[in-house]
Amino acid sequence: MVMGRTLTKLGLQVVKAFNGEDALKILSNPDESGLSSCGMDTCTKFNLILTDLHMPIMNGIDLIYHSRKLPGLLGKIPIILLSASDEKDQVEEGYRKGMNDFVCKPFTEAEIKDKLR
């Protein structure tokens, strides 16, 4: 929730998912998820995936893995993994699965701005 507020404050539009499985469904089928009716021209275009490491149903590492298997540009969307844990093994696994960057919680607005550049 803190990340959503931070991104909104930075002028970005945020689409939230409740877990990794929901996120993958939204990425795979934005029209079926209700995003096509949100009144924006860019509803089905995602520029970034921010995922937490620890989520129910499908964790962030698995979301990264499955996201990279999506067709076309969807599989190339930059991914940033968030976690309160900075365990080296988990961070390395995230990179192996295809994440682009990592943010350790708690984070500052400045850190997020820097990662978005």
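User: What does the side chain of Asp52 reach?

Analyst: The backbone nitrogen of His54, at 2.9 Å. A polar contact here is a pair of N or O atoms within 3.5 Å; within protein, one must be able to donate a hydrogen and the other to accept it, and residues adjacent in sequence count only if both atoms are side-chain atoms.

User: Before we go on, what sort of model is it?

Analyst: The model is predicted: local features need pLDDT of at least 70, side-chain atom pairs count only at pLDDT 80 or more, and totals for chains, interfaces and linings use all residues. Residues are numbered from 1 along each chain as its sequence is written, and side-chain values use heavy atoms, with hydrogens and water left out.

User: Is Asp52 buried or exposed?

Analyst: Buried, with a relative accessible area of 19%. The cut-offs are under 20% relative accessible area for buried, over 50% for exposed, and partly exposed in between (1.4 Å probe, protein chains only).

User: Where does Asp52 lie, and what does it touch?

Analyst: Asp52 lies in strand β1, residues 49-52. Strands (E, at least two residues) and helices (H or I, at least four) are DSSP runs, numbered from the N terminus. Not counting residues up to four places away in sequence, Asp52 touches Gly60, Leu81, Leu82 and Lys105. Contact means heavy atoms within 4.5 Å.

User: And Thr51, buried or exposed?

Analyst: Buried, at 2% relative accessibility. Leaving aside neighbours within four places in sequence, its contacts include Gly60, Leu63 and Ile64, plus Ile79, Ile80, Leu81 and Leu82.

User: Switching to the sheet. What is the strand order?

Analyst: β1-β2-β3, an open sheet of three strands with parallel pairing. β1 and β3 stand at the edges with a single partner strand each, so one side of each has no neighbour in the sheet. The twist averages 25 degrees from one strand to the next. Two strands pair if DSSP finds at least two bridges between them.

User: How many bridges join β1 and β2?

Analyst: Four, in the parallel sense. Leu50 has Ile80 as its bridge partner in β2. Ile49 stands opposite Ile79.

User: What about β2 and β3?

Analyst: They run parallel, and four bridges join them. β3 covers residues 101-104. Leu82 is opposite Val103 there.

User: How many residues of β2 are buried?

Analyst: Five of its five, and β2 spans residues 79-83. Both faces are covered. Ile79, Leu81 and Ser83 are on one side, with Ile80 and Leu82 on the other.

User: Where does α3 lie?

Analyst: Across β1 and β2, running at about 150 degrees to β1. Axes are lines fitted to C-alpha atoms, for helices over the stretch in contact, and angles run from 0 to 180 degrees between N-to-C directions. Helix α3 (residues 60-67) makes a right-handed β-α-β unit with β1 and β2. Right-handed means that, with the strands pointing away from the viewer, the path from the first strand over the helix to the second runs clockwise.

User: Now the largest nonpolar core. Which residues touch the most other members?

Analyst: Leu27, Ile49, Leu63, Leu81 and Met99, out of 18 residues. A nonpolar core is a set of buried Ala, Val, Leu, Ile, Met, Phe, Trp, Tyr and Cys residues joined through side-chain atoms within 4.5 Å.

User: Which elements give two or more residues to this core?

Analyst: α2 (20-28), α3 and β2. The largest share, four residues, comes from α2. Apart from this core lies another, of seven residues, among them Met3, Leu7, Ile80 and Val103.

User: What is Met99 in contact with?

Analyst: Ile64, Ile79, Leu81, Val91 and Gly94, leaving aside neighbours within four places in sequence.
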